[in-house]
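Visitor: I have a model open and would like to talk it through with someone before I go further. Could you walk me through it?

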Amino acid sequence: MAQAHTMERAISIANNAVLQAAPETFTVSYVHPARFGSVQLRTATGETVPMRYQPPANATTTFTIPLPKLVPDTYRLTWRVIADDGHVMTGNVTFTIARR
């Protein structure tokens, strides 16, 4: 029997990206359906940025997470998803919103 592990297919913000404008959402896609476990956003100094995200109740391949209004800074977004076999996968991306 095949394992139900899954891998990231795509993310909407490249790791170490320097963005000219703050993104409104972050999207992560997986090869196989998974359930979203958690998401956290922190500044470069480690401060937690409050987020309001209610993950879907059912397993899915794509998660679009609304981001709060972000000011120029460097951020680290971390998340966890759980595959159908219970395997926990983590992901993270660091990005900077440039000062104008």
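This is a predicted model: local features need pLDDT of at least 70, side-chain atom pairs count only at pLDDT 80 or more; totals for chains, interfaces and linings use all residues.

Visitor: What does the pLDDT look like over the protein?

Guide: The average pLDDT (the predictor's confidence in each residue, from 0 to 100) is 91 for the protein, and 95% of the residues score at least 70. Strands here are DSSP runs of E with at least two residues, and helices are runs of H or I with at least four, numbered from the N terminus.

Visitor: Let's do the pairing, then; which way do S3 and S5 run, and how many bridges join them?

Guide: S3 and S5 run antiparallel and are joined by six bridges, where two strands count as paired if DSSP finds at least two bridges between them. Within that pairing, Thr 27 stands opposite Thr 64 in S5.

Visitor: What about S3 with S6, S1 and S4?

Guide: S3 is joined to S6 by nine bridges in the antiparallel sense, with Tyr 75 in S6 as the bridge partner of Thr 43. S1 and S3 also pair antiparallel, over three bridges, and there Ala 10 stands opposite Ser 29 in S3. Two bridges join S3 to S4, again antiparallel, and the hairpin of S3 and S4 has four residues between the strands, with Gly 46 taking a positive phi near 90°.

Visitor: And S7, what does that pair with?

Guide: S7 (residues 88-97) pairs with S2 in the parallel sense over three bridges, and Ile 97 in S7 is the bridge partner of Leu 19. With S6 (residues 73-83), S7 pairs in the antiparallel sense over 10 bridges. S6 and S7 form a hairpin with four residues between them, and Gly 86 in the turn has a positive phi of about 90°.

Visitor: Changing topic: how many aromatic pairs are there?

Guide: There are five aromatic pairs, counted when ring centres of Phe, Tyr or Trp (its six-membered ring) lie within 6.5 Å, with planes under 30 degrees apart called stacked, over 60 edge-to-face and the rest tilted. One of them is Tyr 30 with Phe 63, which is edge-to-face at 6.4 Å centre to centre and 75° between the planes. Tyr 30 lies in strand S3 (residues 25-43) and Phe 63 in strand S5 (residues 60-66), so this pair ties together parts that are 33 residues apart in sequence.

Visitor: What about the nonpolar core, how many residues are in the largest one?

Guide: The largest nonpolar core has 24 residues, and Phe 26, Phe 36, Leu 70, Trp 79, Val 81 and Phe 95 have the most contacts inside it. Such a core is a set of buried Ala, Val, Leu, Ile, Met, Phe, Trp, Tyr and Cys residues joined through side-chain atoms within 4.5 Å. S3 supplies the largest share of this core, six residues.

Visitor: Back to Ser 29, which side chain does it join in a polar contact?

Guide: The side chain of Ser 29 joins that of Thr 62 in a polar contact of 3.2 Å. That term covers N or O atoms within 3.5 Å; within protein, one must be able to donate a hydrogen and the other to accept it, and residues adjacent in sequence count only if both atoms are side-chain atoms. Ser 29 counts as buried, at 11% relative accessibility.

Technical notes: Residues are numbered from 1 along each chain as its sequence is written. Side-chain values use heavy atoms; hydrogens and water are left out. Buried means under 20% relative accessible area, exposed over 50%, partly exposed in between (1.4 Å probe, protein chains only).
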